[in-house]
Amino acid sequence: MRIPFYDRIRMSAALCLAIGLTASGCVTSPVYMIKQHDGPPVCAQQSPDRELLLGLAVSGGGSRAALFAASAYEALGQMRVGPGNHSLLEQVSHISSVSGGSLASAYYVVEKPAREVPILTPDGRLTEEYQAFFARFKETMARDYEKPLFWKNMFRLRWVNPAWTAVSLRDVLQDTYLGDMKLQDLAPRQARGDSPYFLINTTLYNDGRRLVWSTLEREALRYDFVHDLQQKPDWERMTPESEQILRARWEDLQSRTPEDLKLDPCQLKVAMAVAASMSFPPIIGPVTAGIEGEDQYWHIGDGGMSDNTGAESLLMAFLHQLQQGRAKRAVILALDSSFPFDVGGASLNHRNEGFSFFDADYSRIPSIMEERSLAYRAMFFRVAQHQNLFPASVEVVVIRLKHTDAQWKEDLSDLPESCRKEGVDWKSPRDVTQHVSGVVTRLFLKSTCDRDLVIQSAQKVIAQSEPAIRKAMER
């Protein structure tokens with residue numbers, strides 16, 4: 001019988017306190033002391049010039065998002081587009097991920113076959129190598145990550161301190177598939193084209209800014225919007241005070257990098273960066289890093305606190321390259337399997353005990369803040385695009401691919417067989433969509449039906465969006 005997640009935490013915390021091991025991991029917090037690093041990291045890279053930038057932004061959402069992403073990667077791999085009629089996946093230049101999306105994307109960039117191995121056969125089917133790869137990929141993302149995480153915390157008495165839970169999560173990821181891979185080890189793979197450039201999004205508790213771990217050089221992630229705005233005729237009417245406020249607020253939207261913090265990302269293990277990206281308060285993390293010899297500490301948490309889609313940091317990187325004239329167009333496919341905000345609200349409508357919703361949806365509080373900030377940012381970018389505030393002749397297309405947008409047949413003949421075996425009582429496509437929308441954000445999926453629904457949702461959404469994707473890629 002599965003012990004509920006929060007009951008595990010309470011049991012472990014009680015045990016830890018009862019034993020009274022104040023010198024153990026129960027009370028003290030792990031701090032990663034790093035030597036100060038001045039100047040660009042030795043593994044820093046600049047992505048090459050190209051006419052079309054194609055990126056995947058992979059949202060958070062625990063195991064639901066990880067499995068959705070793995071299935072979406074496979075579906076995109078089978079889509080042939082562009083002048084050379086190659087697999088779309090072979091044309092992806094960047095991947096930007098958050099939390100559960102980082103779980104999947106790290107597997108892809110670390111484990112995918114080398115560039116020389118084709119994804120598709122001449123007749124358009126997946127090659128044997130990629131059939132095996134995607135089978136392993138989906139199997140790994142469908143695993144229960146809470147169970148090994150729980151036992152690592154139990155045996156080492158870490159539950160009462162969520163900062164230690166982040167260490168346990170790192171250990172689980174290393175044991176499962178990431179091993180001792182470091183960011184510097186990704187650099188040669190990216191240089192050869194074996195894997196896309198990988199952006200792992202986290203959030204700094206210190207100042208609320210997004211912190212991106214990658215091998216890309218610092219300036220590659222920074223788009224100078226104010227520079228483009230200065231080229232507009234109305235700029236002369238901008239007052240010094242307004243300009244100062246504009247510059248300060250725009251800086252808040254820029255990604256911070258390890259270089260900004262005088263930290264060297266090259267030695268960071270990919271498993272630790274992914275664990276930091278998944279360090280969702282108050283259950284996991286934060287991850288704390290300090291500079292040797294200095295009284296300076298950085299507290300790093302879930303990337304979803306600043307942007308749960310992963311799209312914003314990717315957009316900034318693409319706009320920078322477009323601004324430099326090193327690309328002509330950009331397409332971002334946002335694989336969005338985040339928990340629908342309105343679904344959480346609907347469940348609260350029928351709860352008479354306010355505090356109880358922490359057990360049902362502990363993400364509610366940061367999600368409220370993110371929902372508001374996303375609304376303002378989306379409005380800003382739409383208005384800026386409409387007013388031609390971005391560089392002239394620049395074309396940026398963002399296509400959102402949501403797991404809840406999958407369309408099911410009226411007679412439900414496309415329902416996974418596992419759901420029928422589990423005796424579901426759905427009468428219409430709306431019932432299926434409501435169930436998919438309610439699959440909770442955890443580090444496991446509770447049934448085979450849920451797993452198959454997530455996989456099939458990704459396949460359906462990619463197929464439904466294929467015309468839009470082709471239009472964006474081939475124009």
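Val270 counts as buried, at 0% relative accessibility, where buried means under 20% relative accessible area, exposed over 50% and partly exposed in between (1.4 Å probe, protein chains only). The model is a predicted one, in which local features need pLDDT of at least 70 and side-chain atom pairs count only at pLDDT 80 or more, while totals for chains, interfaces and linings use all residues. Residues are numbered from 1 along each chain as its sequence is written, and side-chain values use heavy atoms, with hydrogens and water left out.

Val270 belongs to helix α10 (residues 270–277); helices (H or I, at least four residues) and strands (E, at least two) are DSSP runs, numbered from the N terminus. Not counting residues up to four places away in sequence, Val270 touches Ala106, Leu178, Met181, Lys182, Leu183 and Leu186, contact being defined as heavy atoms within 4.5 Å. Although Val270 and Gly179 are 91 residues apart along the chain, their C-alpha atoms are separated by 8.6 Å.

Two of the residues touched by Val270, Ala106 and Leu178, also take part in the contact of helix α3 with helix α6, in which Leu103, Ala106, Tyr107, Val110 and Glu111 of α3 meet Leu173, Tyr177 and Leu178 of α6. By class, this contact of α3 with α6 holds seven nonpolar residues, no polar ones and one charged, where Ala, Val, Leu, Ile, Met, Phe, Trp, Tyr, Cys and Pro count as nonpolar, Asp, Glu, Lys and Arg as charged, and the others, Gly among them, as polar. Helix α3 (residues 100–111) and helix α6 (residues 162–178) pack at an angle of about 40 degrees, and their axes are 11 Å apart. That makes α3 oblique to α6, since angles under 35 degrees count as roughly parallel, over 145 as roughly antiparallel, 65 to 115 as roughly perpendicular and the rest as oblique. Axes are lines fitted to C-alpha atoms, for helices over the stretch in contact, and angles run from 0 to 180 degrees between N-to-C directions.

Ser99, in the loop between β5 (94–98) and α3, has a positive phi of about 50 degrees although it is not a glycine, and Ser99 is buried, with a relative accessible area of 11%. Lys262, found in the loop between α9 (240–253) and α10, has a positive phi of about 60 degrees, again without being a glycine, but Lys262 is partly exposed, with a relative accessible area of 37%.

For the protein chain as a whole, there are 17 helices and 11 strands, and buried residues make up 55% of the 475 residues.
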